[in-house]
Amino acid sequence: MHDKGVNVCVMPENMQELLLDGCNPKQNIVWQCDLHETHLGATQVNGHNFNDGSALKSDCTNGASNVNHHVIFNCRNCSTGVKRSRDESPCSDEESADLSSQKMPLKMQLRSSERCNYSDSFQSKAILPSESYTNGSVCPSIRLSDDCPFHSCEFVTSADKSISNGSVCSSNSNSIESAPSVNEDYSSQSNNCCSEIKTPSNVMESENLISDFNEVDQKATEKKEKCDCLKYPSNGAVITQSIDNHEMPLHPGLRLSLFPHVPPYIKFATYDSKGEQFPPRIHKLLRWKLSKITPVVVRKVVVNSGYRLLKKSTYWGGTWGKHIRSVGFKTLFDYQKMNHFPGTFQIGRKDRLWKSMQKLMSKFGKQKFDLMPTTYILPQDKKFLRQVWKKNGTQDPWIVKPPASARGTGIRVVHKWCQIPDNVPLIVQKYISNPYLINETKFDLRLYVLVTSVNPLRIYLYDNGLVRFASVKYSTELTTLGDRYMHLTNYSINKLSSKYKQNEDATACQGHKWTLKTLWNYMEKELNVDVKSLWQRLIDLIIKTIISGEHTINQLSSANLGSRYNSYELFGIDVLFDTELKPWLLEVNISPSLHSASPLDLAVKAPMVHDLMNIVGFQIPRSKKFSEEQLCEELGPVPKKCLCLDTRLYSTNISISEKCKHNTFTDSTRPEYLKKIIEDLTPDDIRHLIQYEDELTQLGSFQKIFPTPNTYEYLQYFDNPRYYNLLFDAWETKYSDCREEGIRLLQTKCEEGIHLRVLKTGPATSKVRINY
């Protein structure tokens, strides 16, 4: 590109090594001329075949290429490529004069269409300077950008004024972006995260510069290792990813997955702040179906996040409503998500919850599953209850509840046999007559528990909740048993009491409703209670409660759900402490009230809904009217061909080899599966793990309580060994303290597209349809 009077920098060999650092050569190396596709001979440098440029075929010396020979060294398999500028054929006088007058720097750039470390389809090209410097001096230096997690670099060198002694004056790095480079046709194709190479102002001798390059190479490697360590942010923020050919500034309403070839998720806004509006085509796809019980707090969060609320629609993407029959889940399309699993009535109904607990109690002993007060289900247990009643006399109080009611409906405390209705479905429980009291009043806790998957079981506990007090001071006198405001703690009952005091301050220990955080603070400071120990006991109770119904829920989910994307569930678990601070399970609500009657309610429930929606992970459904490319163009910079929901990621289909692996490890001991189950991850394994790791980046105020490295002790309580629970136990055991290592492993697998290998034939329950 320069006449022979202009000296051009010589690129040292270790620059080639730096360019090729981190690539994984495989086979079938091909170097070719960019303009004429002329294949060249190659030699090996640093484990890569690298052309020495000693020979060009004759057709590369004709036509337009006599201005500048562009020799492309392209490794098609290991994603390494180097483009080299040569000046063996002179430019015309006019072209040479034009270049000399511009005094513009040559620009060389390493750029990628996929991440440079992994992708098979990567086409990287770096334009190196010519080799005609008479004294062999060199002048480029290298700086990696701090925010480049995948070692993408941009190399810039200058070919400035013609200097008689062979030196080169450096150009200001700011001129690079505005300079009309002769290689503009290549550089304009790149949008990746790059770092500049700044040229020093002094001329350096080649032997000194080589040592500088070695130092820079070491620093570059350190930068790469530092960037590769992907840590979970403490505030639940999203880790930025480079996907496809650049690190993308996504639309503010979206957040990236940790993993390539996984579509972005909707980034839910808070209750009181509206997110940036999506373009019309995207906005049309985001439909939320209203139900009669959809809480206001849920409506505001989804509307602020870009959804449209619809009362009647078949093609909705999300809904929050009542539980439906298990067979009704078969009607869900693969892009629809609702707030229930099939079969959760197994723990939501008080009678079935007791049966589930009783089954575990008889198998593992009362000591481990003494979580609920003794319960009798009427009318079938009426004879047994009558025998106990006669034995204990009428001095012991009992509490009578309908098996499937809520909000205190039909609940009363009795001590006479005649007070129990005949031939009516009821449960009769031993009344906890020694409750733990604060300010001489009885109280219970409402804990919020999110389950995002049943198989594998994944449970998250919200770190805040509600404390509901009775509005009348407690007494053990039998004559007071009829006072519902004394013995019942339900808000829907006590709010009707003349003595009920509203609490508007979420941080205050006043009135008849507190937040859970306020209670912990009060108990720790004023009552010297070991709150951490108490919290662990609650976690134990919650895990065992969910496990008690896992068998039925898993069976019905497998039979009626066509996609793992379809379901999640928020449970409201009510717990009471006795005087020994032993937690007792009262009931499990499968549709806990999220209505916010006060600022205190809003302070607890609004952040919870925001965090819940982000953990669950909603994605943009596909459209039959607009292609994904059209949606991408309207939205702005997004991962190419990776914007809308990919149903393969949530497929329940597994191959024969995967079934064999399941059978092998479900019959193995813990030491055996810990050692081998994650050695060779199947596509199905990877799909489950990437969904799990993406959830963990969005926890917010939720705490993961299952799985953890210590929850393997609960696996014995499952009706049958679950392969995925064993897989997650091994994953947590190995990577809980170094999650970034596990994430890098999964990212490598996803770069190769392993997680998208799914059987085409699906179960009869699958209902696949393109949206709208």
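Predicted model: local features only at pLDDT ≥ 70, side-chain atom pairs only at ≥ 80, totals over all residues.
## Cavity lining and helix packing

By class, the residues that line the largest cavity comprise 8 nonpolar, 4 polar and 6 charged ones. At least two lining residues each come from strand S18 (398–401), strand S20 (426–430), strand S22 (441–453), strand S26 (569–577) and strand S27 (583–589).

| Helix pair | Angle | Axis separation |
|---|---|---|
| H9 (residues 350–364) and H15 (residues 531–560) | about 100 degrees | 9 Å |
| H7 (residues 296–304) and H16 (residues 599–616) | about 50 degrees | 10 Å |

Because angles of 65 to 115 degrees count as roughly perpendicular, H9 and H15 are described as roughly perpendicular to each other. Where these two helices meet, H9 contributes Leu 353, Ser 356, Met 357 and Leu 360, while H15 contributes Lys 544, Thr 545 and Ser 548, and by class the contact of H9 with H15 has 3 nonpolar, 3 polar and 1 charged residues.

For the other pair, helix H7 and helix H16 pack at an angle of about 50 degrees, which makes H7 oblique to H16. The crossing of H7 past H16 is right-handed, and the contact joins Val 297, Val 298, Val 301 and Val 302 of H7 with Lys 605, Ala 606, Val 609, His 610 and Met 613 of H16. The residues of this contact of H7 with H16 divide into 7 nonpolar, 1 polar and 1 charged.

Note on methods:
Residues numbered from 1 in each chain as written. Heavy atoms only, no water. Helix = DSSP H or I, 4+ residues; strand = E, 2+ residues; numbered from the N terminus. Nonpolar A, V, L, I, M, F, W, Y, C, P; charged D, E, K, R; others polar. Axes fitted to C-alpha atoms, helices over the stretch in contact; angles between N-to-C directions. Parallel < 35°, antiparallel > 145°, perpendicular 65-115°, else oblique. Contact = heavy atoms within 4.5 Å. Left-handed = near helix turned anticlockwise from the far one by under 90°.
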